[in-house]
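Reader: I have a new model open. Walk me through how to read its features.

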Amino acid sequence: MSQTGSKYPICGHRVGWYDGRVEIVERTDELIVLTQSAAAKIKGLMAEEPDGEATVLRVAVQGGGCSGFEYALGFDRGAQEGDHEVETHGVTVVVDPFSAPYLRGAEIDFLETIQESGFKINNPNVTAACGCGHSFQVAEGEAPEDAGHGCGAGCSH
């Protein structure tokens, strides 16, 4: 309120006010995130690498596998030109420009249960996945022409 008791400035004009409706929405368009469990495991693995060899986690999508695409996770010395960089729970994740659209909104978790152990990627862009759990498909028309369609290593069918 101004000194005149009105919510408008003394001159009567609205300054910096917004008349439209405002909707508060949680942003879920993060490129890629790590769970706390995944970040802890990655930090431990990075610590085992020689100094300077593993400063970032590189996540990529490549053609191959039963369903057309496979994930590739590995350590790198740093980001390359054009890479997207995201920091989650103290781990820097880099994604190349080709892979970024396929990974938008993905979450990397680390599981250690009686049934499964290892990194699991929950990717909202996946429309179908192979029974092997290592390859996936995206919506029709999103796959590049050079994506492989043969059964990759580790596929059991």
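Author: We will take the core, the rings and a loop residue in turn. The model is predicted.

Reader: Which residues of the largest nonpolar core touch the most other members?

Author: Start from the general idea. Nonpolar side chains tend to be buried together in soluble globular proteins. Here the largest nonpolar core has 23 residues, and Ile32, Leu34, Val59, Val93 and Val95 touch the most other members. Strands E1 (32-34), E2 (56-64), E5 (91-95) and E6 (106-112) each supply at least two residues, as do helices H1 (36-48) and H2 (100-103). H1 gives the most, with 4 residues.

Reader: What is Val95 in contact with, leaving aside its neighbours within four places in sequence?

Author: Its contacts are Leu31, Ile32, Val59, Asp83, His84, Ala100 and Leu103.

Reader: How many aromatic pairs are there?

Author: Ring centres within 6.5 Å make a pair. The count here is 3. One of them is Phe98 with Tyr102, at 5.5 Å centre to centre and 50° between the planes.

Reader: Is Tyr102 buried or exposed?

Author: Buried means under 20% relative accessible area. Tyr102 has 8%, so it is buried. Phe98 has 39% and is partly exposed.

Reader: Where does Asn123 lie?

Author: In the loop between strands E7 (117-122) and E8 (128-129). Asn123 is buried, at 10% relative accessible area. Its side chain makes polar contacts with the side chains of Tyr71, at 3.1 Å, and Asn125, at 2.9 Å. Gly105 is 18 residues from Asn123 in sequence, yet their C-alpha atoms are 6.7 Å apart.

Key. Residues are numbered from 1 along each chain as its sequence is written. This is a predicted model: local features need pLDDT of at least 70, side-chain atom pairs count only at pLDDT 80 or more; totals for chains, interfaces and linings use all residues. Side-chain values use heavy atoms; hydrogens and water are left out. Rings of Phe, Tyr and Trp (its six-membered ring) pair if their centres lie within 6.5 Å; planes under 30 degrees apart count as stacked, over 60 as edge-to-face and the rest as tilted. Buried means under 20% relative accessible area, exposed over 50%, partly exposed in between (1.4 Å probe, protein chains only). A nonpolar core is a set of buried Ala, Val, Leu, Ile, Met, Phe, Trp, Tyr and Cys residues joined through side-chain atoms within 4.5 Å. Contact means heavy atoms within 4.5 Å. A polar contact is a pair of N or O atoms within 3.5 Å; within protein, one must be able to donate a hydrogen and the other to accept it, and residues adjacent in sequence count only if both atoms are side-chain atoms.
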